[in-house]
Each structure stands twice: as C-alpha cells, then as structure tokens.
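Have it open while you read.

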Amino acid sequence: MSEVNTTQTGQDPTAKGSGNAATAAFQNHIYKSDTSKERANEIYTDLLKAIADVAHKHQVTYDEYRVLKDWMIKVGEYGEWPLWLDVFVEHEIEEINYNRHDYTGTKGSIEGPYYVPDAPELPWKTTMPMRESDKQSEQLIFKGQVTDIDGNGLGGATVELWHADEEGYYSQYAPGIPEWNLRGTIVTNENGEYEITTVKPAPYMIPHDGPTGWFIASYGGHPWRPAHLHLRVKQPGFREITTQLYFRGGDYVDNDVATAVKPELILDPTPGESGLDEVTYNFALDKS
Ligand code: MBD
Ligand code: FE
C-alpha cells in the first residue's frame, strides 16, 4: 500500500493530500467498459446537449466559463475527481444500477472515495483495529447475520467495514494514522453471523479546503455528511453489497451532501447488556 500512503507527507490532513491519495488508489486498477460506439455516441451527444441547454438557459458568461475551466484543472491538480464525482454523481449511478435488476435483497449505497481492498481478516466476533485515542470515544457493537434471500445463514461470507475516526479522518487518507485503523475484513461464523465492536462514528465533513470545498461554498452549500459506517459484503455466487449505514436522529441524516441516505439504511442503536450501544443489522444477498 506504499503508493497510497506516501502521497500524504505533511502533518496536517489536507484536501490535496487525501485527494491525491484517493486518485492514486483508484488508478491502481485498469478500468474497461464494453460500451459500443453507437451507445457512446448517444451518451456523448446527450451530455453535450445537456451542457448546451444549461449554458443557454443561464446565459453563461465568459468569466463564468473561465472560472469553470480553471476549477476543473484544479480538481485534477488536487486529485479531487474521486471526491467530487462520488459526492455529486455516484448516488445516481448506484440507484440506476440497483433498479436495472429485480433484486429483493438488502439495498446498498455509494462506495465513496476511501475504500481500500484487502483489509486484514478478522474473526466473526471482533474489535476493529484502533488506537488508544479511538478507545476514548464512544463504542458501538454492530452485529447481525449474512443470509441468502430465504434467510439461510452464509458462513464464511466477508463483511468489510471501514469508517472515519472521531475527527473525521480515514486511515490511508490522512497522515499519521496506522495503515489499517478502523478497517477490517470480518469473516462470518458458520451461521453467517458477525459481532463487531468499533468506534461510533461522528458526523463527517468532506475535505473542503480544496476545489470541492470551493465548489460547495460558491453556491452556499455545506460540506457535511451524516455519521456513517461503510460496508461491503461478499460471498461467492451472490450479489456483492456495497452500502453505508447511518444513525437515527443524527445531524445531516436528512441533508447529506452526498445524497446517499436511504430510509432502509438508518440504524437505531440501544444500550445493551455490555453497557455499550448495540445494533443488529442483517444482510440478505441476492443470487448473482
Ligand atoms: C466520504 O467519507 C464519503 O463517504 C463520501 C461518499 C464522500 C466523501 C467522503
Ligand atoms: Fe465515508
């Protein structure tokens, strides 16, 4: 993971640091699509038409055009295309591609820019890797079962969990955090169950000292996301679920800058026997 880590060199987390780390991580792969020339022609024709319509409708000035051009160049310089696209566009793509199939299993949500594959494996009942400082903040027991859509437990399924610390920073995208802090691949027991103790995340401000932040400030928006857990659930032969879970009544649950909250994804933790807040959330996987 050296590529991803070395991008962050300064002491303080910056939009440029996390942006360029996210861009480097994304570009670790080769992306291909079997889009035909005909389909590409239709999509690009409509896209340019949409841009032309907006420009005419709002009588966009040359000053505005040059500000846009400069801004787009800076989004690239700061490595913020993953951030900007995942905040403002990914939710539409996620919805379209869920609705293209007749899935009945658990709904998903966007991946966002800070997933890292191959997080270390952890047993079904576990505590997430965390620093002493993370242990000082409120903890949460997140438990449940991975099943098929008929409710049969899926043993050996993997539940990848990643989330920000109480300051809103993700390991590998801010300096000074251990590589796999608050990241893990939990393997379910023979009944498909998992029970994970982790830090209860806090509302999260996306990096806003770069072009994505300037963009938001330019129209008087806010850079906040509700507190969230990111999850990806996998079992061979089943549809992989990428999702996020939120907390009822939390700030920005109704006003997420990334538009990635769905009613089905809101948790309601309650105090458990251990004294910690606990919540059960199950995943039903469609056959692939
Ligand atoms: C995040 O943590 C996130 O989940 C998304 C979707 C965008 C930016 C930062
Ligand atoms: Fe996130």
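1. Start with the largest cavity: its space is the one taken by ligand 1. Do keep in mind that this is a predicted model.

2. Who lines up around the ligand? The residues surrounding ligand 1 are Leu-83, Val-87, Ile-110, Gly-112, Pro-113, Tyr-114, Tyr-170, Tyr-204, Ile-206, Arg-225, His-228 and His-230. Sorted by class, that shell comes out as eight nonpolar residues, three polar ones and one charged one.

3. Next, have a look at the polar contacts. Tyr-170 places a polar side-chain atom 2.9 Å from an oxygen atom of ligand 1. For His-230, a side-chain N or O atom is likewise 2.9 Å from an oxygen atom of the ligand, and for His-228 the distance from such an atom to a ligand oxygen is 3.2 Å. How much of ligand 1 does the protein bury? On its own the ligand exposes 260 Å², and 100% of that is buried by the protein.

4. Now for the sheet. Six strands make up an open sheet with mixed pairing, in the order S1-S5-S4-S9-S10-S11. Strands S1 (121-122) and S11 (266-267) are at the edges with a single partner strand each, so each has one side without a neighbour in the sheet.

5. One pair to zoom in on: S4 (residues 158-162) and S5 (residues 183-187) run antiparallel and are joined by five bridges. If you want a spot to check, find Val-159, whose bridge partner in S5 is Ile-186.

Definitions and conventions:
Residues are numbered from 1 along each chain as its sequence is written. Chains are lettered from A and ligands numbered from 1 in the order in which they are written. This is a predicted model: local features need pLDDT of at least 70, side-chain atom pairs count only at pLDDT 80 or more; totals for chains, interfaces and linings use all residues. Side-chain values use heavy atoms; hydrogens and water are left out. Two strands pair if DSSP finds at least two bridges between them. Helices (H or I, at least four residues) and strands (E, at least two) are DSSP runs, numbered from the N terminus. A residue is near a molecule or strand if one of its heavy atoms lies within 4 Å of it. A polar contact is a pair of N or O atoms within 3.5 Å; within protein, one must be able to donate a hydrogen and the other to accept it, and residues adjacent in sequence count only if both atoms are side-chain atoms. Accessible areas come from the Shrake-Rupley method with a 1.4 Å probe; for residues, only the protein chains shown count as cover. On a 1 Å grid over the protein atoms alone, a cavity is a set of points where a 1.4 Å probe fits but cannot get out, and a pocket is an open set with protein on both sides within 12 Å along at least five of seven lines; lining residues have an atom within 4 Å of a point. A molecule sits in a cavity or pocket if more than half of its atoms lie within 2 Å of its grid points. Ala, Val, Leu, Ile, Met, Phe, Trp, Tyr, Cys and Pro count as nonpolar, Asp, Glu, Lys and Arg as charged, and the others, Gly among them, as polar.
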